[in-house]
Amino acid sequence: EASNNMDFEMAAVYRDQIRAVQSVLEGQRVVAVSDTNQDIIGMFREADSCEMAIAFVRAGRVVDTTSFSMRRVELPDEEVIAAVLSQYYGEDGPASEAIPDEILVPVLPESALGVEEWLSERRGRKAKLIHPKRGARADLLRLAMDNAQHAFTEKRRSAVDMKERLA
């Protein structure tokens with residue numbers, strides 16, 4: 001409809017959103033053969049901005065995704081991941097009661113073994129922190145990284161659109 005009204009910028013936004021939804025739906029089919037529960041953390045950085053995207057895989061299917069932004073981030077990736085893990089899975093974090101079997105990350109935090117022990121202790125049984133380099137886990141991590149970049153781009157586009165409307 002937007003392209004018929006010659007609003008090509010909005011048509012492009014709608015096209016990108018439709019593609020993103022299709023991508024997620026394709027990924028929801030089956031992403032793993034095992035019943036392992038996984039959280040996959042993707043990260044995209046530009047200057048001092050950082051976008052995090054988390055995909056939640058339960059029994060081999062993507063059941064949910066979320067993303068959030070961080071501004072004025074000057075820490076190295078390893079420290080950003082450590083902070084996200086601490087806040088997200090910590091005592092008052094949104095996933096404090098739902099720590100999965102595996103958490104896939106784009107980089108391992110410093111003292112990854114200590115973080116893994118802390119997660120396992122909080123969970124009450126073994127939790128693995130994994131930085132996959134190839135195979136199905138690496139494919140999932142790439143998808144989460146792409147989701148983080150897409151979320152960053154969409155949020156920036158929305159902010160620009162809002163500024164133009166208010167101008």
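Across which strands does helix α3 (residues 112-123) lie?

Modeller: Happy to! Helix α3 lies across β4 and β5, and its direction is at about 140° to β5. Axes here are lines fitted to C-alpha atoms, for helices over the stretch in contact, with angles from 0 to 180 degrees between N-to-C directions; contact means heavy atoms within 4.5 Å. Please keep in mind that this is a predicted model, in which local features need pLDDT of at least 70 and side-chain atom pairs count only at pLDDT 80 or more, while totals for chains, interfaces and linings use all residues. Numbering starts from 1 along each chain as its sequence is written, and side-chain values use heavy atoms, with hydrogens and water left out.

Let's start with the helix itself. α3 has twelve residues and covers 16 Å from its first C-alpha to its last, close to the 16 Å expected at 1.5 Å a residue (the expected span is 1.5 Å times one less than the number of residues). Its buried residues are A112, V115, E116, L119, S120 and R123, where buried means under 20% relative accessible area, exposed over 50%, and partly exposed in between, with a 1.4 Å probe and protein chains only. Viewed down the axis of α3, these buried residues fall within an arc of 135°, so they line one face of the helix; the arc is taken from the directions from the helix axis to the C-beta atoms. An α-helix has 3.6 residues a turn, so residues three or four places apart point the same way. On the face of α3 turned away from the buried side sit the exposed residues L113, E117 and E121. Just after the helix, G124 has a positive phi of about 95°.

What does the buried side meet? The buried residues of α3 pack against α2, β4 and β5. Both strands belong to an open sheet of five strands in the order β3-β2-β1-β4-β5, with mixed pairing; helices (H or I, at least four residues) and strands (E, at least two) are DSSP runs numbered from the N terminus, and two strands pair if DSSP finds at least two bridges between them. β3 (61-70) and β5 (128-130) are the edges, each having a single partner strand, so one side of each has no neighbour in the sheet. Neighbouring strands of this sheet are turned by 15° against each other on average, direction ignored. Strand β4 (residues 102-104) pairs with β1 (residues 38-46) in the parallel sense over three bridges, and Q38 has E102 of β4 as its bridge partner.

Leaving aside residues up to four places away in sequence, S96 touches Y88, Y89, G90, E91 and R122. A polar atom of the S96 side chain lies 3.4 Å from the backbone oxygen of E91, and one lies 3.2 Å from the backbone oxygen of G93.

Methods: A polar contact is a pair of N or O atoms within 3.5 Å; within protein, one must be able to donate a hydrogen and the other to accept it, and residues adjacent in sequence count only if both atoms are side-chain atoms.
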